[in-house]
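Here is a short briefing on the structure shown below.

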Amino acid sequence: MNLRTPLRMSLVALVIAALLAVPALALELETAQSVRSTQGVVTAAHPLAAAAGAEILAKGGNAVDAAIATAYALAVVEPHASNLGGEGYMVISLADGTEVAIDYRSRAPLHVNVHTPAETGWPPHGILTTLIPGMVKGTELALQKYGTMTLAEVLEPAIRLAEEGFPMGDLLASQIADAYESFLLEYPEAGKVFLDNMLIPEPGTIFRNPDLAHAMRLIAEHGSDVFYFGEIADAIEQATEGWVDKASLAAYRAYERDVVRGTYRGYEIVTAPPIVSGVRVVETLNILELFDLAQYGHPNHPTAAHIMAEALKITQADYNAYVWDPNFYRVPVEGLTSKLYARERAALISLDEAKRYEAGDPYAISPAGEVAFTPATVEESPSTTHVSVLDKDGNAVALTQTISSFWGSRIVVPGYGFLLSNHFRQFPGFEVDDPFRPDYAAPLKTTRTVLAPTILKKDGEVRLVIGSPGAARIPQTVVQTIVSIVDFGMDLETAIRTPKFHVSGLTLNLEGGWPAESAEALAALGHRVNTNYGELDLFFGGLNIIAVEDDGTMIGVGSFRRDGGASAPLVVEEAVVH
Amino acid sequence: MTKVRTAMLLVAALLFGSLALAGTAAAVEAPALITSAGQSPGALMVRVLADQAGVANVFDATVGPEALADAKSFIVVIGASMKGLGAAGIDVADEFARIESLLETAKELGIPVIAMHVEGGPRRGATSDDLSRLVFPYADYAIVRADGNDDGFFSDLAAEFGVTLETVEKTVDAAAVLRTLYGN
């Protein structure tokens with residue numbers, strides 16, 4: 001797909017340009033799976049969402065403005081993966097050196113307690129799975145602090161998409177097909193929005209969501225207050241039968257947090273702090289830095305893959321034990337991301353054997369903390385979406401947002417056309433014998449998830465903006481892609497296309513395309529190799545990345561594993577006709 | 001015999017006016033038993049279409065042959081979905097056996113069989129095609145979405161087994177065909 005979307009210049013601008021009798025600048029967008037630009041790039045899980053962000057760049061907005069425009073556009077064109085009733089995490093790196101993370105994870109309503117999840121019975125979706133949404137508050141916070149445009153300006157492309165509609169792609173149609181029975185029989189409001197005369201829409205059908213356009217117009221006019229205090233808050237309370245009540249909505253806060261920093265072979269890593277998994281990306285890369293991976297020539301070489309898999313298992317054990325809601329617990333970030341700790345952990349890896357690992361002791365390095373707990377099972381978001389943005393001035397945003405499962409709770413807020421998430425089911429049941437677990441439900445607490453929006457810099461300049469959906473695969477796919485680029489010198493597209501693995505315990509899932517001899521060698525090391533996946537399989541995530549070449553050219557590539565796209569503003573000189 | 005009668009009625013309908021015209025003599029009678037062959041969401045869509053067409057129906061995606069006792073026609077909606085089969089707790093072999101027993105019972109009872117494939121090209125695949133090969137020899141009539149028949153697969157099956165085939169451009173158009181077929 002290659003769309004070239006003319007961007008209308010305002011009449012005033014045209015008149016001024018004509019009066020000045022100088023060549024006018026006609027702004028256009030280039031949107032494709034992969035684009036090159038010096039004017040800024042946006043990559044996202046849908047080309048129309050990427051184009052929404054690029055339109056904002058073309059209008060003079062910065063990376064933060066564009067990222068938020070893209071985030072809202074994704075709620076229109078990829079509604080099953082993220083939505084206004086969901087949440088996310090954003091890592092911002094500005095050209096002036098500012099580096100900050102915006103935490104807009106959804107949080108538990110005020111009325112819940114440690115016993116509540118067992119009382120609800122953990123339904124897969126429905127009212128009792130919803131949490132207080134964070135997207136509207138978080139994006140507003142980011143825009144007010146680090147953007148240059150108004151909410152009305154950045155929401156305009158998404159509102160237009162929702163009102164005018166767009167041709168539905170195969171992926172969205174198939175996702176609706178998967179949820180068809182429940183939309184038809186259990187969630188009629190979702191059916192009203194996403195079905196076509198009670199049927200699964202056929203690919204190519206023009207999909208409109210005027211209710212969502214209405215909600216976004218209200219937000220554009222009134223800001224987040226209308227969502228957390230006003231008429232949309234009323235509607236959320238009503239749609240959830242008081243589960244997400246107005247008091248809880250009014251109590252919600254998004255947070256600015258310090259980013260997590262690390263280094264990897266001369267690159268500076270800027271990533272998201274706990275409760276998401278940037279800390280795991282840094283710890284894994286710290287371990288891998290102690291091995292000469294380049295000697296193996298390719299990330300699918302069995303020894304290289306084995307080392308990466310072992311490192312990821314070690315950091316999974318640490319992540320499971322120590323990374324909890326920082327509003328409630330002191331997380332040992334300093335220890336987990338220290339080179340000294342990585343050396344201790346790397347020493348556990350054998351090149352001859354696949355192993356299982358226990359959590360280490362990062363508190364030996366971090367200031368004393370109080371949390372170390374490994375749950376028996378860690379249920380994580382299987383859905384999610386990622387946006388990468390880099391503007392012409394060098395400002396970058398990596399943003400990952402989610403409603404947990406595809407379609408989240410399946411609760412659409414009537415009259416406003418957006419879905420609420422189903423994160424609440426990730427809170428475990430209370431155990432009397434273990435009363436202080438860090439993952440118990442509590443008012444305004446959030447669940448753990450594995451988002452890993454990350455930026456790599458060199459000598460202070462952004463070189464890579466990266467992130468992915470894909471639940472437990474997210475940090476693994478991000479790490480493998482960084483290694484492919486940094487250690488193996490791959491170009492961006494090759495790095496994305498290179499078959500990925502996902503390791504869980506001794507099970508090593510290999511995406512289609514792995515060399516058979518690598519699979520055999522990995523099995524010989526004791527990995528339980530599973531090759532039952534296709535090539536470029538959605539299971540392994542959906543990387544949307546921007547890389548910067550040495551001459552400053554930005555290359556954006558949208559995911560090959562989803563309907564990803566990249567978009568960039570073009571500046572074309574044209575003569576003015578008097 | 002039922003197949004011959006149905007085909008004659010349909011030929012008559014075609015001779016004396018468009019199938020899309022209301023008021024054509026019913027080729028088949030309601031109530032219809034609707035089931036899935038392959039557990040894709042298409043069967044539920046056909047139930048919606050049948051309701052929209054005013055065709056009295058009983059829908060059960062995993063029904064057994066005993067339910068045919070109360071039916072006057074049998075609609076089999078073909079479409080294999082591994083997710084759907086998994087959710088229903090049915091393996092592929094069991095699904096083939098269930099459908100075959102339903103088709104044999106319909107044949108014994110003289111109940112006309114309508115094969116439907118309404119999810120187009122995306123719902124074609126080895127298992128779906130095998131289910132089609134199972135169903136068409138028993139079918140009197142078939143309604144398929146055109147983009148699922150780009151390669152002539154359903155046309156060839158219909159010709160081979162003497163099934164009257166109606167193709168529709170969009171899934172929603174199948175309601176009109178059902179309406180005509182049932183004389184509503």
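How are α13(A) and α14(A) oriented to each other: parallel, antiparallel, perpendicular or oblique? The model is predicted. In it, α13 (residues 278-288) and α14 (residues 302-322) of chain A pack at an angle of about 140°. Angles over 145 degrees would count as roughly antiparallel, and 65 to 115 as roughly perpendicular. The two helices are therefore oblique to each other.

**Helix pair α13(A) and α14(A)**
- The axes of α13(A) and α14(A) lie 9 Å apart.
- Their crossing is right-handed.
- On the α13(A) side, the contact is made by A:Arg280, A:Glu283, A:Thr284, A:Ile287 and A:Leu288.
- On the α14(A) side, the contact residues include A:Ile307, A:Met308, A:Ala311, A:Leu312 and A:Asp318.
- By class, this contact has 8 nonpolar, 2 polar and 3 charged residues.

**Helix pair α2(A) and α6(A)**
- Helix α2 (residues 47-58) of chain A packs with helix α6 (residues 151-164) of chain A at about 145°.
- Their axes are 8 Å apart.
- This crossing is right-handed.
- From α2(A) come A:Leu48, A:Ala52, A:Glu55 and A:Ile56.
- They meet A:Val154, A:Pro157, A:Ala158 and A:Leu161 of α6(A).
- The contact of α2(A) with α6(A) counts 7 nonpolar residues, no polar ones and 1 charged.

**The sheet of chain B**
- In chain B, 6 strands form an open sheet with parallel pairing.
- The strand order is β2-β1-β3-β4-β5-β6.
- β2 (57-59) and β6 (164-168) of chain B stand at the edges.
- Each edge strand has a single partner, so one side of each is left without a neighbour in the sheet.
- Neighbouring strands are turned by 20° against each other on average, direction ignored.
- Strand β1 (residues 32-37) of chain B pairs with β2(B) over 3 bridges, in the parallel sense.
- B:Leu33 has B:Val58 of β2(B) as its bridge partner.

**Helices on the sheet of chain B**
- Helix α2 (residues 42-52) of chain B packs on the sheet and touches β1, β2, β3 (73-78) and β4 (113-117) of chain B.
- The direction of α2(B) makes about 160° with that of β1(B).
- Helix α5 (residues 126-135) of chain B also packs on the sheet, touching β1, β3 and β4 of chain B.
- The direction of α5(B) makes about 160° with that of β3(B).

**Between the chains**
- 12 residues of chain A are in contact with 10 residues of chain B.
- The chain A side of this contact divides into 6 nonpolar, 2 polar and 4 charged residues.

Note on methods: Residues are numbered from 1 along each chain as its sequence is written. Chains are lettered from A and ligands numbered from 1 in the order in which they are written. This is a predicted model: local features need pLDDT of at least 70, side-chain atom pairs count only at pLDDT 80 or more; totals for chains, interfaces and linings use all residues. Two residues are in contact if their C-beta atoms, placed from the backbone, lie within 7 Å. Ala, Val, Leu, Ile, Met, Phe, Trp, Tyr, Cys and Pro count as nonpolar, Asp, Glu, Lys and Arg as charged, and the others, Gly among them, as polar. Two strands pair if DSSP finds at least two bridges between them. Helices (H or I, at least four residues) and strands (E, at least two) are DSSP runs, numbered from the N terminus. Axes are lines fitted to C-alpha atoms, for helices over the stretch in contact, and angles run from 0 to 180 degrees between N-to-C directions. Angles under 35 degrees count as roughly parallel, over 145 as roughly antiparallel, 65 to 115 as roughly perpendicular and the rest as oblique. A crossing is left-handed if the near helix is turned anticlockwise from the far one by less than a right angle, and right-handed if clockwise.
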